[in-house]
Amino acid sequence: MSETHEGMDVGYVAKLACIDLTDEETTLFQGQLDQVLHYVEQLNELDVSNVEPTAHAIPVYNVLRKDEVGTSLNHDDVIANFPSATDGHVRVPKIIDQ
Amino acid sequence: MADLNKCTISELSEKLASGDCTSVDIVNDVLASIDANDGNVGAYLTIDREDALAQAKAADEKRVAGSSLPMLGIPVAIKDLLNVKGQPCTCSSKILEGYVAPYDATVISKLREAGAILLGRVNMDEFAMGSSTENAALGKTSNPWNLDHVPGGSSGGSAACVAADEAIASLGSDTGGSIRQPAAFCGCVGVKPTYGRVSRYGLTAFASSLDQIGPITKTVKDSAILLETLCGHDAMDSSSIEIEVPAFGKELSTDTSLAGMKLGLPKEFFVEGMDPEVEKSVRDAVEHCKSLGAEIVDVSLPNAKYAIAVYYIIATAEASANLARFDGIRYGMRVDGKDPADLYAKTRSAGFGQEVKRRIILGTYVLSSGYYDAYYKKAQKVRTLIRNDFTEAFKKCDAILAPVTPTPAYKKGEKTADPLKMYLDDILTTPTNLAGNCALSLPCGFASNGMPIGLQIIGDDFQEETILKVGHAYEQSTEWHKRHPSL
Amino acid sequence: MKYEATIGLETHVMQKTNTKMFCSCKYEYGAEPNTHVCPTCLGYPGALPVMNEKAIELICKAGLLLGCEINPYSKWDRKNYFYPDMAKNYQITQADEPLCLGGEVTVEVEGEMKTFTLERIHQEENAAKNTHVAGASLVDYNRAGTALMEIVSDPCMSSASDALAYMTHVKQVMQYGGISNCDQEKGQMRSDVNVSVKPVGQKELGAKVEIKNMNSFAFIQDAIEYEIDRQISVLESGGTVVQETRGYNPDRGETFTQRTKENAHDYRYFPEPDLMPVKVSKEQVEQWRSELPEMPAQRRVRYVEQLGLPEYDAGVLTASMDVSDWFEETMKHTKNAKAVSNFIMGEMLRLLSEQGLSIADSKVTPQKLAEIIALIDAKAISTGGGKQIFETIFNEGGDPAAIMEAKGLAQVSDDSALEGWADEAIANNPKPVEEYKAGNPASINFLMGQVMKASRGKANPGAVMQMLKQKLDA
């Protein structure tokens, strides 16, 4: 981490996260998060090269469901939640190809 | 008949069974208490009085018809991140304004099946991110023991309403201490069950591999009763474990002996900077357990000190993905934009509070290209070490005793300027979330300023019975749980 | 300088399941928008995914059919990116431990047998469907979360024909294996193509250009050819090929820049905490292997060995599973395999291609073809009459026997009628009769023609021949 953490580019990361930050927020977060990342560097004290990572605290496997059709939501409830709807679809600003 | 709101679940169950009161009486007393005090406490976000009374009436009718369900007629407050069909579920965030849940969380279905009354939705830190309920967009909650102090968080509303007798019990969720810490701050009992014990289906996710739903109550026995209702395998949650649910409530006897029980004391949990009054209360509690017949053994959790670093990497990373769905497209708040990307950025900037943004950015960063191994993967490995520490410790003892928090509830605004300082307060609760095992928080004293102090009893995987037994024995042989705040 | 291309394909195939990958909503193409949706596939707060058992079985069977190894331990990851068709703004996929590893297929490309290797097949979930209207886009989440697998080839192909042969084979295997219908019109099979070009003999690959999301084999071929030419001309003019993502515009027959490397996504993969890993035992793999359906190569052998069809016929019949299945269905109603084969290869395929239909649309059903063949075999109609009936039913529908009656196609085998025509022919044509009797057997054909003419084609030729011989040889 010492080699990787040269200070986070808060502006770039906010863009990845799809959040617009004000300049004040950017400056504030920059300081606060650099502090947090500095704190986190203590993990470098540990040699974990031979340790398996834990993704699930209580591991189980093969949690499967049968391929049987269940109940879908009421269409009107779905539409009622859409901030903007047209002909049963959710309406969004024009999508331009990625 | 007055003050039914001050009774416990077990007391009310007896009264209901014997016909001393009706569920409508209970709900009326609870609503009266909310009217009297919630203006100050601010626990509730929404209450549907008519609906609560209708549910109470239906419960009374069921009882007349012969039903004796475990929670029949008992009002329970719901943390605002649990989906209840037809109700809002804001998670104390502006971004979910307008969203109406079209389905019940599994725990809500279970409560309904057990006859409980869904009383209302209580405040929390936005998306459960916080330790003081100060990061809440839609309401301010105070600690009933001193309104200038925070109730803790993130389940601050859940703890405050129970402490203020504005509910008989409540549901909270615990990702890094969010049930145990507010329970401790408000003098209540709270349980974080073993990961996989309670279905997460319908719980708005903060950090999926850490979140668990649990009860906040006035006594250990009440927690046992409510927990039993919540537990059980659920096919809708892949992390739900198929394991038998013991009759937690029935197991607790009047016998308060802890003879034959080995309780571990981890030296690492009496951390630097701990409030001396907290340390003293907890050490007194340890002595008390010894006097009840328990053998106290030293145990070590050497990697627990890394829990905060690990927790704030894993929890924020998972949160950064879990909260990506709040984008203004399918439900909730939308701020229009010239294209979808613009809409997302505007909606999320306006909809999320500062702490949520801060954590999303941290979580996004630790997963971003080039940093994953250094942060996320490493944190997952240290998580393994923390879990191994508990496995070792539980070879030597049946349960672990520890403080819940380094200090009692502090004053509002005291820590909001320094996030890292606030994060560090979670040092004693996060290890259990990372390891997955269960823990209980219950009152073990009061600081000189009158604020409650909590004792944490940590159990091995699926050993809720053990921690409830120890907690019940301690509670029933002490007087702390009998105190009520004066409002 | 001479250049060579290196091509790899990422082929997305929608599995044939009743329900979506992680929730129990039905998958139904063409349903009313947003009617097969639930909290999970809409990304509502609190909803959780649970794996579809059938999808896991199908991807593993696809892996076995394409020579993959089934990973004994596989897991799930989240791929993070914001897009309106992605309800959670992350896609559940498999990054480093996919269900199927490796694999290879051997196919014929322009007369030469070539082996192409696979890197992996992983399971993921499909996106929603966007449509565009004036000033806005509309999203339908019915397709969101349906089971989608990605078959990733190694960069082992070198031409558009290689790619076409590979895709054709994959499609055939998916269809025969019951894995997917691969209906490209419905978006059930789509490919991304990676193309790079380098001077012949150079070891390092050139800059990789990815052409995204094409569903027609013809477009893919055109796009590859266009892209190879484009990259070569860039290199020849002294330029550098930019690593980027391009789209293909079929109207202009060109690829165009969509996203450059600088703007590449940072997907922030991490293990999906809501799903548990999958362990597949050796016993399970063997069980699935034993259940694998017959592949086209096996069908071809069976058609030749058991039904006595020529190799050529077997090849044509099995080229498409629809046709092969139709053939098999017909064989349930008749024993005359060659006649069925002739009708399919002749009338059926011709009419289908003329009218741009698929065999499922044919008004001639397997039962009806069997009836036509039975009429021919019983000599009730001639083969030519059978073809007429076939074409009539194909175009207008109807019943073979009724059409035979209506069109007067029934052959006359009735002795009295035949006798009259035969006597008449013999009486009116003394010269051929003489020649026949003098030892020229071919002369009987003239008489035969006269009888057929008199019967207006309805006389049964075999019966006429017999009748004439009887009379002349007496």
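## Packing of α4(B) and α7(B)

In this predicted model, helix α4 (residues 106–113) of chain B packs against helix α7 (residues 220–230) of chain B at about 115°, with the axes 8 Å apart. The two helices are therefore roughly perpendicular to each other (65 to 115 degrees). Axes are lines fitted to C-alpha atoms over the stretch in contact, with angles from 0 to 180 degrees between N-to-C directions.

B:Val107, B:Lys110 and B:Leu111 of α4(B) form the contact (heavy atoms within 4.5 Å) with B:Leu226, B:Thr229 and B:Leu230 of α7(B). Four of these residues are nonpolar, one is polar and one is charged.

## Packing of α8(C) and α9(C)

The axes of helix α8 (residues 337–355) and helix α9 (residues 366–377), both of chain C, come within 10 Å and cross at roughly 120°. α8(C) and α9(C) are therefore oblique to each other, and the crossing is right-handed.

On α8(C), C:Ala339, C:Val340 and C:Phe343 meet C:Leu369, C:Ile372, C:Ile373 and C:Ile376 of α9(C). The contact comprises seven nonpolar residues, with no polar and no charged ones.

## Basis of the values

Residues are numbered from 1 along each chain as its sequence is written, and chains are lettered from A and ligands numbered from 1 in the order written. Local features need pLDDT of at least 70 and side-chain atom pairs count only at pLDDT 80 or more, while totals for chains, interfaces and linings use all residues; side-chain values use heavy atoms, without hydrogens and water.

Definitions and conventions: Helices (H or I, at least four residues) and strands (E, at least two) are DSSP runs, numbered from the N terminus. Angles under 35 degrees count as roughly parallel, over 145 as roughly antiparallel, 65 to 115 as roughly perpendicular and the rest as oblique. A crossing is left-handed if the near helix is turned anticlockwise from the far one by less than a right angle, and right-handed if clockwise. Ala, Val, Leu, Ile, Met, Phe, Trp, Tyr, Cys and Pro count as nonpolar, Asp, Glu, Lys and Arg as charged, and the others, Gly among them, as polar.
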